[in-house]
Amino acid sequence: MPDVPDHRSPTALVTGANRGIGLEIARRLGERGVRVLLGGRDPGATAAAAAGLRGCGLDAEPLVLDVTKPDTITAAAAEVARTRGSLDILVNNAGIRVEEYGRQPSEQPLAQWRETFDTNLFGVVAVTTAFLPLIRRAEAGRIVNVSSLLASLTLHSDPDSYTYSPAFKSLPAYSASKSAVNSWTVHLAYELRDTPVKVNAVHPGYTRTAMNDGAGELDPPQGAETAVRMALLGSDGPSGGYLHLGETLPW
């Protein structure tokens with residue numbers, strides 16, 4: 001667990017936390033004694049999710065935050081600065097998949113590329129840079145970027161990988177956006193290399209969520225495990241990595 005002052009519990013912000021993997025990440029962090037801020041663009045859904053966690057005895061609060069709207073990001077960062085003063089953990093989980101399975105890569109409309117990158121990459125960068133001053137104030141900040149195995153160019157080129165299939169080759173914008181998230185992770189880790197802050201990208205596993213139309217091999221609690229591990233990483237842990245359940249994945 002990150003080294004934090006004894007007088008308070010660490011605080012985590014999880015984006016896209018009102019359902020799916022994000023909600024399970026928030027739940028499992030809360031079960032470990034972390035104060036969890038559930039970031040979401042739908043105020044009602046986010047408030048309901050936080051209330052559900054509080055009903056389980058966890059310290060959880062909603063935070064309105066749409067990663068594609070700069071004004072909500074600015075307002076959220078100001079609110080956390082006012083109420084917490086710092087942020088120990090940021091989990092950039094919010095993401096979308098708008099492409100249709102079954103199309104060739106060149107058939108996916110450019111508008112879907114822009115929409116995908118707006119959330120999956122630019123949203124991650126915008127949220128991270130807005131909250132970075134608060135993360136720097138923490139004793140040992142942790143930034144976790146939820147990526148995907150589809151980010152791996154190595155595996156996309158390997159005929160033996162499950163990513164080497166018509167289904168996953170029909171998601172070029174999603175895959176490229178996650179590759180870009182990995183690149184952002186490496187660059188930010190380099191910037192913060194001489195600080196206690198650690199930055200890592202994680203693959204949750206092929207998880208059954210609405211994004212996957214219910215397909216997958218894992219349930220959301222299992223999909224949350226790697227992100228939780230990296231959020232609670234000790235001072236001897238890696239930074240600038242791309243990981244799944246303790247395994248380093250190929251770029």
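Visitor: Which residues is T15 in contact with, leaving aside its neighbours within four places in sequence?

Guide: In this predicted model, T15 is in contact with G39, V67, V91, N92, N93, A94 and V127. T15 itself lies in the loop between β1 and α1.

Visitor: Why is T15 called buried?

Guide: Its relative accessibility is 2%. Buried means under 20% relative accessible area, so T15 counts as buried.

Visitor: What makes the pair of T15 and the backbone nitrogen of N93 a polar contact?

Guide: The side chain of T15 reaches the backbone nitrogen of N93 at 2.9 Å. The cut-off is a pair of N or O atoms within 3.5 Å, one able to donate a hydrogen and the other to accept it.

Visitor: Why is P133 called partly exposed?

Guide: P133 has a relative accessible area of 43%. Buried is under 20% and exposed is over 50%, with partly exposed in between, so P133 is partly exposed. P133 is found in helix α4, residues 110–137.

Visitor: Which residues have the most contacts inside the largest nonpolar core?

Guide: They are V14, I25, L29, L38 and V91, in a core of 29 residues. Among the elements that each supply at least two residues of this core are β1, α1, β2 and β4. Helix α1 gives the most, with five residues.

Visitor: What does V14 touch, not counting residues up to four places away in sequence?

Guide: V14 touches G22, I25, A26, L29, V36, L37, L38, G39, V91 and N93. A second, separate core has 25 residues, including I73, A76, L192 and V199.

Methods:
Residues numbered from 1 in each chain as written. Predicted model: local features only at pLDDT ≥ 70, side-chain atom pairs only at ≥ 80, totals over all residues. Heavy atoms only, no water. Core = buried A, V, L, I, M, F, W, Y, C linked by side-chain atoms within 4.5 Å. Buried < 20%, exposed > 50% of the residue type's maximum accessible area, 1.4 Å probe, protein only. Helix = DSSP H or I, 4+ residues; strand = E, 2+ residues; numbered from the N terminus. Contact = heavy atoms within 4.5 Å.
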